[in-house]
Amino acid sequence: MAPTRQYLASRKGRFPAFGASPAAPNSRKGQVLAFDASLAVIIMLFTAYIAFSVWSGIGIRAHEAQEREAQLSRTIAVADYLMKEGLVHKSGSPYAGISVSHSHLLERGKLPPIDQASLAEGAGLAGLCAELLETGQGPGCGGYEVCIRRPAVIYETGEAGYLVVCSK
Amino acid sequence: MEALLSLLAAASLMLLLPLASSQQPSAGSRIYQYQVLQDLLEVMDREGGLSEAADDWLYAGDGTHLESQLDPIVAGLGFCLRLEAGETSPAVNSPAECADSAPRDPVSTFRAIRLRHVNATLWKR
(Lines give C-alpha, C1' and ligand atoms only; values in the text may rest on other atoms or scores of the structure.)
Protein backbone atom coordinates (compact mmCIF):
# COMPACT_ATOMS: atom_id res chain seq x y z
CA MET A 1 0.00 0.00 0.00
CA ALA A 2 1.51 3.36 -1.05
CA PRO A 3 1.83 6.02 1.65
CA THR A 4 -0.59 8.80 1.42
CA ARG A 5 0.50 12.36 0.53
CA GLN A 6 -0.58 13.51 4.00
CA TYR A 7 1.66 10.91 5.70
CA LEU A 8 4.72 11.88 3.64
CA ALA A 9 4.18 15.54 4.39
CA SER A 10 4.10 14.77 8.13
CA ARG A 11 7.39 12.77 7.93
CA LYS A 12 9.22 15.47 5.96
CA GLY A 13 11.79 17.25 8.07
CA ARG A 14 12.20 14.40 10.55
CA PHE A 15 14.36 12.42 8.16
CA PRO A 16 16.36 14.88 6.03
CA ALA A 17 17.63 12.08 3.82
CA PHE A 18 14.16 11.68 2.48
CA GLY A 19 13.90 15.04 0.84
CA ALA A 20 15.51 18.45 0.46
CA SER A 21 16.79 19.46 3.87
CA PRO A 22 17.34 23.18 4.56
CA ALA A 23 19.53 22.34 7.60
CA ALA A 24 22.54 20.94 5.67
CA PRO A 25 24.31 24.22 4.53
CA ASN A 26 23.74 25.82 7.97
CA SER A 27 25.40 22.87 9.67
CA ARG A 28 28.59 23.19 7.54
CA LYS A 29 28.76 26.91 8.23
CA GLY A 30 28.47 26.20 11.96
CA GLN A 31 31.36 23.78 11.81
CA VAL A 32 33.61 26.37 10.14
CA LEU A 33 32.71 28.96 12.76
CA ALA A 34 33.37 26.46 15.55
CA PHE A 35 36.83 25.71 14.12
CA ASP A 36 37.70 29.45 13.92
CA ALA A 37 36.42 30.04 17.44
CA SER A 38 38.35 27.12 18.89
CA LEU A 39 41.54 28.29 17.12
CA ALA A 40 41.01 31.79 18.52
CA VAL A 41 40.49 30.36 22.01
CA ILE A 42 43.69 28.30 21.72
CA ILE A 43 45.65 31.39 20.58
CA MET A 44 44.12 33.47 23.36
CA LEU A 45 45.00 30.85 25.97
CA PHE A 46 48.54 30.56 24.60
CA THR A 47 48.95 34.36 24.62
CA ALA A 48 47.61 34.53 28.16
CA TYR A 49 50.03 31.78 29.19
CA ILE A 50 53.00 33.61 27.63
CA ALA A 51 51.92 36.91 29.20
CA PHE A 52 51.55 35.29 32.60
CA SER A 53 54.96 33.58 32.32
CA VAL A 54 56.67 36.78 31.21
CA TRP A 55 55.10 38.94 33.88
CA SER A 56 55.76 36.45 36.65
CA GLY A 57 59.36 36.24 35.40
CA ILE A 58 59.61 40.03 35.51
CA GLY A 59 58.26 40.01 39.07
CA ILE A 60 60.78 37.40 40.23
CA ARG A 61 63.65 39.23 38.53
CA ALA A 62 62.55 42.56 39.97
CA HIS A 63 62.49 41.05 43.45
CA GLU A 64 65.96 39.55 43.00
CA ALA A 65 67.29 42.85 41.61
CA GLN A 66 65.80 44.71 44.58
CA GLU A 67 67.52 42.33 47.01
CA ARG A 68 70.84 42.64 45.15
CA GLU A 69 70.50 46.41 45.09
CA ALA A 70 69.81 46.53 48.84
CA GLN A 71 72.84 44.33 49.50
CA LEU A 72 75.03 46.46 47.23
CA SER A 73 73.86 49.64 49.01
CA ARG A 74 74.70 48.14 52.42
CA THR A 75 78.11 47.00 51.19
CA ILE A 76 78.78 50.48 49.78
CA ALA A 77 77.78 52.00 53.13
CA VAL A 78 80.14 49.70 55.06
CA ALA A 79 83.02 50.41 52.62
CA ASP A 80 82.33 54.14 52.93
CA TYR A 81 82.49 53.90 56.72
CA LEU A 82 85.84 52.06 56.53
CA MET A 83 87.20 54.61 54.02
CA LYS A 84 86.18 57.63 56.08
CA GLU A 85 86.42 56.44 59.68
CA GLY A 86 87.19 52.77 60.37
CA LEU A 87 90.58 52.35 58.69
CA VAL A 88 91.60 55.92 58.00
CA HIS A 89 95.01 57.10 59.26
CA LYS A 90 94.77 59.78 61.92
CA SER A 91 97.61 61.91 63.18
CA GLY A 92 97.90 64.30 66.06
CA SER A 93 97.86 68.02 65.53
CA PRO A 94 99.53 70.87 67.40
CA TYR A 95 96.14 71.67 68.87
CA ALA A 96 95.55 69.49 71.91
CA GLY A 97 92.90 66.85 71.64
CA ILE A 98 92.38 67.25 67.90
CA SER A 99 93.34 64.52 65.47
CA VAL A 100 93.56 64.98 61.72
CA SER A 101 92.02 62.30 59.47
CA HIS A 102 93.92 61.64 56.27
CA SER A 103 91.39 60.80 53.58
CA HIS A 104 92.11 57.71 51.43
CA LEU A 105 95.14 56.80 53.55
CA LEU A 106 94.16 53.52 55.17
CA GLU A 107 95.97 51.58 57.90
CA ARG A 108 96.25 47.84 57.47
CA GLY A 109 96.90 47.54 61.21
CA LYS A 110 93.40 48.77 61.99
CA LEU A 111 91.73 45.95 60.09
CA PRO A 112 91.95 43.08 62.66
CA PRO A 113 90.56 45.04 65.61
CA ILE A 114 87.39 45.85 63.67
CA ASP A 115 84.64 43.40 64.59
CA GLN A 116 83.44 42.49 61.11
CA ALA A 117 80.65 40.27 62.45
CA SER A 118 79.04 43.07 64.44
CA LEU A 119 79.61 45.48 61.53
CA ALA A 120 77.75 43.04 59.26
CA GLU A 121 74.96 42.62 61.79
CA GLY A 122 74.58 46.38 62.12
CA ALA A 123 74.33 46.74 58.35
CA GLY A 124 71.81 43.90 58.05
CA LEU A 125 74.20 41.60 56.18
CA ALA A 126 74.63 37.84 56.68
CA GLY A 127 78.42 38.02 56.34
CA LEU A 128 81.14 40.54 55.68
CA CYS A 129 84.79 40.47 54.65
CA ALA A 130 87.15 43.44 54.36
CA GLU A 131 90.74 43.34 53.10
CA LEU A 132 93.40 45.84 52.07
CA LEU A 133 95.22 44.65 48.96
CA GLU A 134 98.05 46.13 46.96
CA THR A 135 97.71 46.56 43.19
CA GLY A 136 98.25 43.30 41.38
CA GLN A 137 97.21 41.16 44.34
CA GLY A 138 94.42 38.57 43.98
CA PRO A 139 90.70 39.22 44.26
CA GLY A 140 90.57 38.55 48.01
CA CYS A 141 87.52 37.56 50.13
CA GLY A 142 86.40 34.40 48.29
CA GLY A 143 82.88 32.95 48.53
CA TYR A 144 80.91 36.16 48.86
CA GLU A 145 78.05 37.34 46.64
CA VAL A 146 78.71 41.08 46.34
CA CYS A 147 82.20 42.60 46.23
CA ILE A 148 83.31 46.18 45.71
CA ARG A 149 86.80 47.70 45.42
CA ARG A 150 87.71 51.19 46.49
CA PRO A 151 91.10 52.60 45.47
CA ALA A 152 93.16 53.85 48.43
CA VAL A 153 96.73 54.36 49.59
CA ILE A 154 98.03 51.85 52.14
CA TYR A 155 99.62 53.73 55.02
CA GLU A 156 102.20 51.06 55.94
CA THR A 157 103.68 50.75 52.44
CA GLY A 158 102.76 54.11 50.93
CA GLU A 159 101.66 52.28 47.79
CA ALA A 160 98.34 52.52 45.97
CA GLY A 161 96.00 49.61 46.60
CA TYR A 162 92.40 48.64 47.14
CA LEU A 163 89.99 48.27 49.99
CA VAL A 164 87.98 45.16 49.11
CA VAL A 165 84.64 44.78 50.88
CA CYS A 166 82.51 41.70 50.19
CA SER A 167 79.17 40.68 51.66
CA LYS A 168 76.54 37.95 51.52
CA MET B 1 47.50 33.83 9.35
CA GLU B 2 46.89 37.34 10.71
CA ALA B 3 46.11 35.88 14.10
CA LEU B 4 49.37 33.94 14.14
CA LEU B 5 51.35 37.01 13.08
CA SER B 6 49.78 39.17 15.79
CA LEU B 7 50.47 36.43 18.32
CA LEU B 8 54.11 36.34 17.24
CA ALA B 9 54.36 40.13 17.49
CA ALA B 10 52.77 40.19 20.95
CA ALA B 11 55.02 37.37 22.19
CA SER B 12 58.20 39.03 20.90
CA LEU B 13 57.16 42.35 22.45
CA MET B 14 56.60 40.72 25.80
CA LEU B 15 59.96 38.95 25.60
CA LEU B 16 61.84 42.09 24.54
CA LEU B 17 60.30 44.33 27.21
CA PRO B 18 62.18 42.83 30.20
CA LEU B 19 65.39 42.64 28.16
CA ALA B 20 65.16 46.34 27.34
CA SER B 21 64.33 47.32 30.92
CA SER B 22 67.26 45.33 32.37
CA GLN B 23 69.83 47.44 30.48
CA GLN B 24 69.62 50.39 32.87
CA PRO B 25 72.38 50.48 35.53
CA SER B 26 71.08 50.54 39.08
CA ALA B 27 71.35 53.56 41.37
CA GLY B 28 73.71 51.67 43.68
CA SER B 29 76.15 50.81 40.91
CA ARG B 30 76.10 54.45 39.70
CA ILE B 31 76.93 55.66 43.22
CA TYR B 32 79.74 53.10 43.47
CA GLN B 33 81.09 54.13 40.04
CA TYR B 34 81.11 57.79 41.09
CA GLN B 35 82.86 56.93 44.39
CA VAL B 36 85.54 54.98 42.50
CA LEU B 37 86.14 57.96 40.21
CA GLN B 38 86.58 60.29 43.20
CA ASP B 39 88.81 57.71 44.91
CA LEU B 40 91.04 57.45 41.84
CA LEU B 41 91.54 61.21 41.72
CA GLU B 42 92.25 61.30 45.46
CA VAL B 43 94.77 58.45 45.21
CA MET B 44 96.46 60.23 42.29
CA ASP B 45 96.70 63.34 44.45
CA ARG B 46 98.27 61.35 47.30
CA GLU B 47 100.67 59.54 44.98
CA GLY B 48 102.14 62.73 43.55
CA GLY B 49 99.21 64.39 41.85
CA LEU B 50 98.85 65.67 38.34
CA SER B 51 101.10 68.20 36.74
CA GLU B 52 100.95 70.02 33.46
CA ALA B 53 103.98 70.56 31.28
CA ALA B 54 104.50 73.37 28.80
CA ASP B 55 103.32 71.17 25.94
CA ASP B 56 99.86 70.90 27.53
CA TRP B 57 100.20 67.18 28.18
CA LEU B 58 99.12 65.76 31.50
CA TYR B 59 101.86 64.11 33.53
CA ALA B 60 102.04 62.48 36.92
CA GLY B 61 103.34 64.69 39.71
CA ASP B 62 106.83 63.18 39.50
CA GLY B 63 107.03 63.96 35.78
CA THR B 64 106.51 60.38 34.58
CA HIS B 65 103.79 59.35 32.17
CA LEU B 66 100.42 59.32 33.83
CA GLU B 67 99.41 56.02 32.25
CA SER B 68 102.21 54.11 33.97
CA GLN B 69 100.90 55.27 37.34
CA LEU B 70 97.23 54.82 36.58
CA ASP B 71 97.13 51.57 34.62
CA PRO B 72 97.87 49.13 37.48
CA ILE B 73 95.15 50.70 39.64
CA VAL B 74 92.44 51.15 37.02
CA ALA B 75 93.02 47.76 35.36
CA GLY B 76 92.42 45.96 38.66
CA LEU B 77 89.05 47.68 39.05
CA GLY B 78 87.55 46.67 35.69
CA PHE B 79 86.93 50.25 34.65
CA CYS B 80 88.16 52.65 31.98
CA LEU B 81 89.38 56.14 32.90
CA ARG B 82 89.79 59.08 30.55
CA LEU B 83 91.37 62.40 31.55
CA GLU B 84 90.97 65.42 29.28
CA ALA B 85 92.62 68.76 30.02
CA GLY B 86 91.22 70.63 27.03
CA GLU B 87 90.86 70.44 23.31
CA THR B 88 94.52 71.08 22.55
CA SER B 89 96.04 68.36 24.75
CA PRO B 90 95.45 64.69 23.99
CA ALA B 91 93.26 62.66 26.34
CA VAL B 92 94.90 60.19 28.71
CA ASN B 93 93.23 56.78 28.53
CA SER B 94 93.83 54.16 31.16
CA PRO B 95 94.25 51.31 30.28
CA ALA B 96 95.38 52.22 26.75
CA GLU B 97 92.86 49.90 25.04
CA CYS B 98 90.04 52.07 26.42
CA ALA B 99 90.90 54.69 23.80
CA ASP B 100 89.17 52.55 21.18
CA SER B 101 85.96 51.91 23.12
CA ALA B 102 83.09 54.37 23.38
CA PRO B 103 82.09 55.17 26.98
CA ARG B 104 79.01 53.22 28.07
CA ASP B 105 77.00 54.72 30.98
CA PRO B 106 79.94 56.92 32.05
CA VAL B 107 80.23 59.17 35.11
CA SER B 108 82.22 62.39 34.89
CA THR B 109 83.69 64.97 37.22
CA PHE B 110 85.89 68.06 36.97
CA ARG B 111 89.03 68.81 38.90
CA ALA B 112 90.93 72.09 38.81
CA ILE B 113 94.67 71.89 38.13
CA ARG B 114 96.56 75.16 37.81
CA LEU B 115 93.65 77.23 36.58
CA ARG B 116 92.66 74.57 34.10
CA HIS B 117 89.90 72.05 34.40
CA VAL B 118 90.56 68.38 33.93
CA ASN B 119 87.53 66.35 32.94
CA ALA B 120 87.69 62.81 34.31
CA THR B 121 85.34 60.15 32.90
CA LEU B 122 84.93 56.62 34.19
CA TRP B 123 82.96 53.73 32.69
CA LYS B 124 82.73 49.98 33.01
CA ARG B 125 84.92 47.97 30.67
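Me: Which residue in S5(A) stands opposite A:Ile148?
Reply: A:Val165 does. This is a predicted model, where local features need pLDDT of at least 70, side-chain atom pairs count only at pLDDT 80 or more, and totals for chains, interfaces and linings use all residues. Residues are numbered from 1 along each chain as written, with chains lettered from A and ligands numbered from 1 in written order.

Me: How many bridges join S4 to S5 in chain A?
Reply: 8 bridges join S4 (residues 146-154) to S5(A), and the two run antiparallel. Strands pair if DSSP finds at least two bridges between them. Strands (E, at least two residues) and helices (H or I, at least four) are DSSP runs, numbered from the N terminus.

Me: And what about S3 of chain A?
Reply: S3 (residues 128-134) pairs with S5(A) in the antiparallel sense over 7 bridges. A:Leu128 stands opposite A:Ser167 there.

Me: Is S5(A) buried or exposed?
Reply: Mostly covered: 8 of its 8 residues are buried. Buried means 20 or more other C-beta atoms within 10 Å of its own, exposed means 12 or fewer, and partly exposed is in between, with C-beta atoms placed from the backbone.

Me: New topic. How many residues of chain B are in contact with chain A?
Reply: 24, and they touch 26 residues of chain A. Contact means C-beta atoms, placed from the backbone, within 7 Å.

Me: Which element gives the largest share of that side of chain B?
Reply: H2(B), with 11 residues.

Me: Which residues of H2(B) are buried?
Reply: Among them are B:Tyr32, B:Val36 and B:Met44.

Conventions:
Contact = placed C-beta atoms within 7 Å.
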